[in-house]
Amino acid sequence: MKKRKLFQSFKYAMEGIVYGFRSQRNMRLHTLALVVLIFIMISVSMAIEDVCLILFSAMVVMVSEMINTAIEKTIDLYTENIHPLAKTAKDVAAGAVLLSAIFAIVVGGLIFSKYLL
């Protein structure tokens, strides 16, 4: 019985990832950027430590985007009205995505500069 629950939890998680990818334009853009980065990392024979740092940075952005989507949908479920606290929560969640994206760009820039210059 426990295997079934474990399988169900993975199924639900995959449904969440698919929903995020299908419904969020920025999630698709982050995924495209990650695919491009992977091809570049392969083409420049990047050190494994650098690959890990870039992949970690990219995952932080994607996870932030999914948490942002979860927060937005939860707020939308709670209220259709524009409430100042709802706006603040959505803005803060979006700000977290922006900060993580800036972090990823800085990390990627620092790492790629030593390979491309």
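User: In which helix is Cys52 found?

Analyst: Cys52 sits in helix H3. Helices (H or I, at least four residues) and strands (E, at least two) are DSSP runs, numbered from the N terminus. This is a predicted model, in which local features need pLDDT of at least 70, side-chain atom pairs count only at pLDDT 80 or more, and totals for chains, interfaces and linings use all residues. Residues are numbered from 1 along each chain as its sequence is written, and side-chain values use heavy atoms, with hydrogens and water left out.

User: Is Cys52 buried, partly exposed or exposed?

Analyst: Buried means under 20% relative accessible area, exposed over 50%, and partly exposed in between (1.4 Å probe, protein chains only). Cys52 counts as partly exposed because its relative accessibility is 44%. The C-alpha atom of Cys52 is 17 Å from that of Ile102, a residue 50 positions away along the chain.

User: What is the mean pLDDT of the protein chain?

Analyst: pLDDT is the predictor's confidence in each residue, from 0 to 100. Where it is low, the predicted coordinates should not be read in detail. Here the protein chain has a mean pLDDT of 93, with 99% of its residues at 70 or more. Among its elements, the lowest mean, 91, belongs to helix H1 (residues 2–23), and the highest, 95, to helix H3 (residues 48–78).

User: How does the span of H3 agree with its residues?

Analyst: The expected span of a helix is 1.5 Å times one less than its number of residues. For the 31 residues of H3 that gives 45 Å, and the end C-alpha atoms of H3 are 45 Å apart, so the two agree.

User: Which residues of H3 are buried, and what covers them?

Analyst: The buried residues of H3 include Asp50, Val51, Ile54, Val61, Met62, Glu65, Asn68 and Ile75. Their cover, judged by contact (heavy atoms within 4.5 Å), includes H1, helix H2 (25–43) and helix H4 (84–116).

User: How many salt bridges are in the whole structure?

Analyst: Side chains of opposite charge can pair when their charged atoms come close. A salt bridge is a side-chain nitrogen of Lys or Arg within 4 Å of a carboxyl oxygen of Asp or Glu. The whole structure has four salt bridges. One of them pairs Lys114 with Asp50, with 3.2 Å between the closest N and O atoms. This pair links distant parts of the chain, since Lys114 is in helix H4 and Asp50 in helix H3, 64 residues apart. Lys114 counts as exposed at 54% relative accessibility, whereas Asp50 is buried at 8%.

User: Which side chain meets Asp76 in a salt bridge?

Analyst: Asp76 meets Lys90, at 2.6 Å from N to O. Asp76 lies in helix H3 and Lys90 in helix H4, so the pair ties together parts 14 residues apart in sequence. Asp76 is partly exposed at 35%, and Lys90 is partly exposed at 25%.

User: What separates Lys87 and Asp91 in helix H4?

Analyst: Lys87 and Asp91 are four residues apart in helix H4, which means a separation of about one helical turn. They form a salt bridge whose closest N and O atoms are 2.4 Å apart. Lys87 is partly exposed at 48%, and Asp91 is partly exposed at 41%.

User: Which residues form the nonpolar patch on the surface?

Analyst: Patches are made of residues with over 30% relative accessible area and no salt bridge: like charges are joined within 9 Å, and nonpolar side chains (Val, Leu, Ile, Met, Phe, Trp, Tyr) within 5 Å. Here Leu98, Leu99, Ile102, Val106 and Leu110 together have about 520 Å² of accessible area, by the Shrake-Rupley method with a 1.4 Å probe, where for residues only the protein chains shown count as cover. Val106 is in helix H4 and counts as partly exposed, at 47% relative accessibility.
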